[in-house]
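Let's take a walk through a protein chain together. Have the picture open while you read, and follow along strand by strand.

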Amino acid sequence: MSSAAAGGRRVPGPRRLPGLGPVFPRRRLLGASALALLPFLGGCAAPPALNPRTGRLQVITTTGILRDLAHNVGGDRIDVVSLVPDSGDPHSYEASLRDARNVVYADVALSNYAMLEEQNVIKTLDSNLRDEALNVSLAEDSAKYAAEIIPLVEDVRLDTVWLGLRASGTGSRYGATRSSQVILSAVEASGPGHLFAYLTGSFGETDIYFDSSDSFQSGDGYRSDSTTLPADAHTHLSWAFTRPGTYTLTLRAQLQVEETDRPVELGRATYTFAVGVDPEKAAVGAGISHPVIVRQGHADLTVNVDRRRLELRHDPQGGGENSQKTYRADQVVVEVPARALTEIPGGRQYSFLGHAGDSVYQLAQAVVGKHVHGEIDPHLWQNVRNAMAYVQLIRDTFIDADPGGGVQYRQNAKSYLAELERTDDYVRRTIGRIPSSHRHLVTTHDAFAYLAKAYGMTVAGFVTPDPSSEESLSDRRKLTSTLRTLRVPAVFLEPNLRARSSTLTEVAAENDIQVRPIYGDTFDDKVTSYVQMMRFNADSLRSGLGG
């Protein structure tokens, strides 16, 4: 059983191996000399760029929200640009060569981190930033100003196990940083049919991680069947099997500390799947005595970086890492029940599974889009008081980088903090006018836990079709039932994600439920600042939910 050669059967969508240099090269980040050629690339108007000749502090941020916070603190003493453009998704944005150029010129880099940004964005920062520049992760460092951190607990409501990949531990004993990568490679598989692990992105594109339909290629380091994770991170996947029976999959793990370093071997392990057959009998056939049957909740094929081994972590209730139990890979059978049998959707992006209409057994991806994350909910700014902690940290960072501007940075920050105080009061008053029985938030993106906790709302759910298959009449009926049960007068969509939410908008219209806008991670041409965003969200919630 095996996989396509590199580039052979990949389907439309972003590739999955960003910035691994000599191990699995995707693109090489540019040095300062090569960056001089960038003005000649493309004929369109160039986006804003940093320029050290202005004499101002040069600041690069990952997102537009951080750019706006930085601008309000820095004023006319700084030039600031963001890597992720407005209307872009920080979870999936791929940094460009122009982005790398801006990083080279930056005196200060501000990222949210907590795994919010696509790892390619973080690698672009860390690989190109000058040694003397300041590099600040705001989500982690803002705790000193009393920012509130919410653990990320994922609510899994599928009737089969949700199976992901996890890298646990920091790898600090090997010198790993946030730019280091854990490499997971499929090196061997067995079974009566083919096995696939793939991710369905925000707009329906698919990205194949493991594919056993051709031979796994040891000669190129299993490049076509390898994927990467940052240390202490988790990602979601769909798993498909073409025939019933018992399957095995052997994974190898390595730690790539630096792009030019030889990878550190972390071990390998074999996992067993019972596909459409009795898992107890599958365990006997695989020689597993006293098996742990994993059939529901949240499970991860896990690389324990610090202990240099692969294992499986499982929580039947679907919680995060802190509530998962750890098992040896050789004592576990993952059940893929008969009810997981489904038809292959139409569309070229699913052709690697077989012909449209053919049957496969599938463990579906529980969360739409590409979400590589850790155990902390990274969307801190949805609580205005957390944004105030960010502002204080940005102020201190600018003073460290430019002591001569200390007076102005303090004055700017003081004025802006007063404006944020007024904004916090406005959001609290506005949402407070919504009847308590109506304060239920339904969205397609898990980005509003901080807003709900800070301002007295309940996150009622993330209503979205299964992203790994086409919507069916059954899906629509389930969605209709969910919305009627919740009895909410409105659901809320982020404008930049509307394209992937057609089923929700159609069913909402059929049931006379409003679809209202809400902003999560990014601005657009209508909402262009953080204060405007938070006030807009409060107004939209009140007008949609009543009050």
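## A strand on the inside

Strand β15 (residues 298-304) has 7 of its 7 residues buried, so it is largely enclosed by the rest of the structure. Here, buried means under 20% relative accessible area, exposed means over 50%, and partly exposed is in between (1.4 Å probe, protein chains only). Helices (H or I, at least four residues) and strands (E, at least two) are DSSP runs, numbered from the N terminus.

Which way do the residues of β15 point? His298, Asp300, Thr302 and Asn304 go one way, while Ala299, Leu301 and Val303 go the other, and all are buried.

## Before we go on

This is a predicted model: local features need pLDDT of at least 70, side-chain atom pairs count only at pLDDT 80 or more, and totals for chains, interfaces and linings use all residues. Residues are numbered from 1 along each chain as its sequence is written, and side-chain values use heavy atoms, with hydrogens and water left out.

## The partners of β15

Strands of a sheet pair through backbone hydrogen bonds, either parallel or antiparallel. Two strands count as paired if DSSP finds at least two bridges between them. With strand β5 (residues 162-168), β15 pairs in the parallel sense over 7 bridges. One place to look is Asn304 in β15, the bridge partner of Ser168.

Strand β16 (residues 309-315) is also joined to β15 by 7 bridges, but these two run antiparallel. Look for Thr302, which stands opposite Glu311 in β16. The hairpin of β15 and β16 has 4 residues between the strands, and Arg308 takes a positive phi near 55° there.

## A four-stranded sheet

Now find the open sheet of 4 strands, in the order β2-β1-β3-β4, where the pairing is parallel. Its edge strands are β2 (78-82) and β4 (134-137), each pairing on one side only. On average, neighbouring strands of this sheet are turned by 20° against each other, direction ignored; the axes behind such angles are lines fitted to C-alpha atoms (for helices over the stretch in contact), and angles run from 0 to 180 degrees between N-to-C directions.

Strand β3 (residues 108-111) pairs with β4 in the parallel sense over 4 bridges. Leu110 has Val136 in β4 as its bridge partner.

## Two nonpolar cores

Leu110 turns up again in the largest nonpolar core, which has 60 residues. Such a core is a set of buried Ala, Val, Leu, Ile, Met, Phe, Trp, Tyr and Cys residues joined through side-chain atoms within 4.5 Å. Leu110, Phe398, Leu420, Ile431, Tyr530, Met533 and Leu541 touch the most other members. Helix α7 (residues 384-401) gives the largest share of this core, 10 residues.

What does Phe398 touch? Leaving out residues up to four places away in sequence, its contacts (heavy atoms within 4.5 Å) include Leu57, Val59, Ile78, Leu110 and Tyr409. A second, separate core of 50 residues includes Leu195, Tyr271, Val303 and Leu363.

## A tyrosine in a loop

Tyr222 sits in the loop between β8 (206-211) and β9 (226-229). Is Tyr222 buried or exposed? At 13% relative accessibility, Tyr222 counts as buried. Among the residues that Tyr222 touches, not counting those up to four places away in sequence, are Ser185, Phe216 and Arg252. Tyr222 and Arg252 are 30 residues apart in sequence and 9.7 Å apart in space, C-alpha to C-alpha.

## The whole chain

Zooming out, the protein chain has 12 helices and 24 strands. Buried residues make up 57% of its 547 residues.
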